[in-house]
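Hi everyone, thanks for having me.

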Amino acid sequence: MTVRELDAAGIHDPALRAAYTHCRGLNARHGKTYFLATRLLPVDRRPAVHALYGFARWADDIVDDLDSSATPAERGRALLALEAQLETGLRRERATEPVIRALADTARRYGIDRVHFTDFLASMRSDLTVGGYASYEELGRYMHGSAAVIGLQMLPVLGTVGPREEAAPHAAALGVAFQLTNFLRDVGEDLDRGRLYLPAELLAAHGVDRERFEWSRRTGARDARITDVLRAAAAHNRAVYRDALPGIAMLAPVSRPCIRTAFVLYSGILDAIAADGYAVLHRRSVVPRRRRAVVALDGLVRAVAARAVTRRGEEAPVAEPSCASPSSRPRVAPVREEAL
């Protein structure tokens, strides 16, 4: 399948093919939901998505790898080295790192503004020194670089049916929505890293503080006020998903099933968190495998239909993402990668 993707994308240089293959491996190993959704894109667009993921994953690992004994100063130097390699690659000089080689090629092919990469790295650097945020407004400034720009990087690859600038705010909102979901799901792990992405103003509104969260994480004890904070954070997250939703219809028809699937699966993590009683300080909530299979199969059907309609030169119908419960859908077998 990798060979087919690279051939379809017109990537023939052996070193460049190896670089994209490396990025695809990172996506497959670490971005399970993201990788599943990517399989629904036309084959020629998948390598670019793998390259974008590989770069984000590399920077994130520098900052967040709990298995690393590197100090914040050492991590900072590693980020600076990564940024220097990025600049080298974007100047059309031959990058030595495969992730940078693939990313630079993707940026050139799709005309992705380099500021989206530098803004991303700026937010990654702030994670080395900033452990919390006073308000959603302050958190939003951080998330512009850490999440909104991911949506903006993706937009040229996905394509749009109208002016790209009209779809951009929704693409940025979807990037933010996905990251807010990650923050809520991973709040316990982030505390272990010395960070809390729930604003202090939200905690104070429910009569708790960061120390109470750390106590709950450390002891395993529950506090109803913490549950209220987490429930409120989930409600805020759902509102951002609603802001992002109209952007799906603005995408190229062949890209909509991919983003729709990611939308349904990621927002479904919020359902899983609620079903677990907002116990995210003590365990990681996941979308049940059966639900993932149902959504993936639905996405595959939509992707095949969109490609067929596009080949005929017609406009693909737009359907709003459904969040129906698994019990309302038929039982299906997991979708094999070969079928995609």
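Let's start with a word we need: a residue is buried when its relative accessible area is under 20%, exposed when over 50%, and partly exposed in between, using a 1.4 Å probe and protein chains only. Please keep in mind that this is a predicted model, where local features need pLDDT of at least 70, side-chain atom pairs count only at pLDDT 80 or more, and totals for chains, interfaces and linings use all residues. Residues are numbered from 1 along each chain as its sequence is written, and side-chain values use heavy atoms, leaving out hydrogens and water.

Now, the pairs. Side chains of opposite charge can pair when their charged atoms come close. We call it a salt bridge when a side-chain nitrogen of Lys or Arg lies within 4 Å of a carboxyl oxygen of Asp or Glu. How many salt bridges does the structure hold? There are 24.

One of them joins Glu-83 and Arg-125, at 2.8 Å from N to O. This pair links distant parts of the chain, 42 residues apart: Glu-83 sits in helix H5 (residues 72–90) and Arg-125 in helix H7 (residues 115–126). Helices here are DSSP runs of H or I with at least four residues, numbered from the N terminus. Is Glu-83 buried or exposed? Glu-83 is buried, at 17% relative accessible area, while Arg-125 is partly exposed, at 29%.

Next, Asp-186 bridges to Arg-185, with the closest N and O atoms 2.9 Å apart. Both of these residues, Asp-186 and Arg-185, are buried. Finally, salt bridges with shared partners join Asp-64, Asp-127, Asp-190, Arg-193 and Arg-195 into one network.

Definitions and conventions:
Helices (H or I, at least four residues) and strands (E, at least two) are DSSP runs, numbered from the N terminus.
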